[in-house]
Amino acid sequence: YQRRVHGGILSSPSAVNLDQPSGIYVSPQLVWISDSNHDRVISLDTTLNKVSPFIGYDQGNLIDVQSTSAKLNRPKEIYYGMGYFWVSDFNNDRVLRMQYPRGASILGDPHFMAFSGGEYTITGSIGVIYNLLSTREVNWNAEFISRRGNPVRGTYIGVCGMRAYNHSILMDPRRHTIMVDENIVTGIEYLDSNNHYWAQVHGNVILLHIPCFDISLVRAVKRTIIRGASGSIHKRYYHFNAIIRPTRPKEHSIICQSHGLLGQTLMLSQSVNPTGKQGEGVIQGNIRDYETENLFDCTNIYCVNN
């Protein structure tokens, strides 16, 4: 074998002990392991060498504290197929079927790809901060920017702020660093005492492993030429493209219920069908309802933690 999972997972810092692992399912990036005697299923990201709780128990606590159906008792075989994740919950005499949400993204100027499928656009206003995702434990806000101050050319995701586990995380596409509680981070910073959640800078990518989601913010650049009487000026405008992957199944994610311009599509069961260019037909209310006062707090009417 090249690497093993027992007593320590692949490499520090994602240490985990297994007790009678009884099932495994492998996808191109994730490996799910049925940790039977710990009454849980964990997921392993083979690219980042990171482990996350999936369903069941973690550190002696039920992952979804309000969902009694997440209480596994000696889970065995696991499988993913037909759009669902299946777990043989052996001592409970049942097979659980859970819908594993697809990923979402925010690309370009900006095009939102919904968790439920489908695409919609939101132009927004230049320099205004909007809430993209809000859960009980996380707020993710972003300032909308544009090239040459012209929203007709589209707006982009600029500086982002996030509140997670009482930490303030500032992410600026113009820099190769992040700031956690005003401290510059060039590597990895843990957000909880068990080192389960973290923020990391990896080249041009910021990786965020937070409750319910893995988020990748990819630095991108738009080049433009400003022509004037004295000549032409070449300018660069940096922004983020975002890829978001849920880490919990819908049926066991009460704590993951989300809102925000993107987050609310996690709770939808069908592909979105927009009727306008500002998210009409997809988002509740209108885009102005998602404006928030600063990069870290969610202050609009749809914030989950209000």
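Predicted model: local features only at pLDDT ≥ 70, side-chain atom pairs only at ≥ 80, totals over all residues.
Local features here need pLDDT of at least 70 and side-chain atom pairs count only at pLDDT 80 or more, while totals for chains, interfaces and linings use all residues. Residues are numbered from 1 along each chain as its sequence is written, and side-chain values use heavy atoms, with hydrogens and water left out.

Q: Why is Cys160 called buried?
A: Buried means under 20% relative accessible area, exposed means over 50%, and partly exposed is in between (1.4 Å probe, protein chains only). Cys160 comes in at 0%, so it counts as buried. Cys298 and Cys303 are buried too.

Q: How do you know that Asp39 and Arg74 form a salt bridge?
A: The rule asks for a side-chain nitrogen of Lys or Arg within 4 Å of a carboxyl oxygen of Asp or Glu. For Asp39 and Arg74, the closest N and O atoms are 2.8 Å apart, so the pair passes. By this rule the count comes to seven salt bridges.

Q: Why can the pair of Asp39 and Arg74 be said to tie together parts that are apart in sequence?
A: Asp39 lies in the loop between β2 (30-35) and β3 (40-45), and Arg74 in the loop between β5 (61-62) and β6 (75-81), so the pair links parts that are 35 residues apart in sequence. Strands here are DSSP runs (E, at least two residues), numbered from the N terminus.

Q: Are Asp39 and Arg74 buried or partly exposed?
A: Asp39 has 17% relative accessibility, so it counts as buried. Arg74 has a relative accessible area of 28%, so it is partly exposed.

Q: What makes Arg94 and Asp89 a salt bridge, and which label does each residue get?
A: Their side chains meet at 2.7 Å, N to O, so the pair meets the salt-bridge rule. Arg94, at 29% relative accessibility, counts as partly exposed, whereas Asp89, at 0%, counts as buried.

Q: Why is Arg174 called exposed?
A: Its relative accessible area is 53%, so Arg174 gets that label. Its salt-bridge partner Asp172, with the closest N and O atoms 2.7 Å away, has a relative accessible area of 7% and is therefore buried. Asp172, Arg174 and Arg175 are linked in a network of salt bridges.

Q: What makes a set of residues a nonpolar core?
A: The name goes to buried Ala, Val, Leu, Ile, Met, Phe, Trp, Tyr and Cys residues joined through side-chain atoms within 4.5 Å. The largest one has 47 residues, and those with the most contacts inside it are Trp140, Met162, Met171 and Leu208. A second, separate core of eleven residues includes Trp32, Val41, Phe85 and Val87. As background, nonpolar side chains in soluble globular proteins tend to be buried together.

Q: Which residues does Trp140 touch?
A: Contact means heavy atoms within 4.5 Å. Not counting residues up to four places away in sequence, Trp140 touches a list including Ile106, Tyr130, Cys160, Met162 and Ile244.

Q: How do you know that β19 and β20 pair?
A: Two strands pair if DSSP finds at least two bridges between them. Five bridges join β19 (residues 198-202) to β20, and the two run antiparallel, so they qualify. Ala199 stands opposite Leu208 in β20. The two strands form a hairpin with two residues between them, and Gly203 in the turn has a positive phi of about 65°.

Q: What makes β20 a mostly covered strand?
A: Five of the six residues in β20 (residues 205-210) are buried.

Q: Why is Thr292 called buried, and which residues does it touch?
A: Its relative accessible area is 8%, so Thr292 counts as buried. Leaving out residues up to four places away in sequence, Thr292 touches Ile129, Tyr130, Asn131, Asn141, Asp297, Cys298 and Thr299.

Terms used
Helix = DSSP H or I, 4+ residues; strand = E, 2+ residues; numbered from the N terminus.
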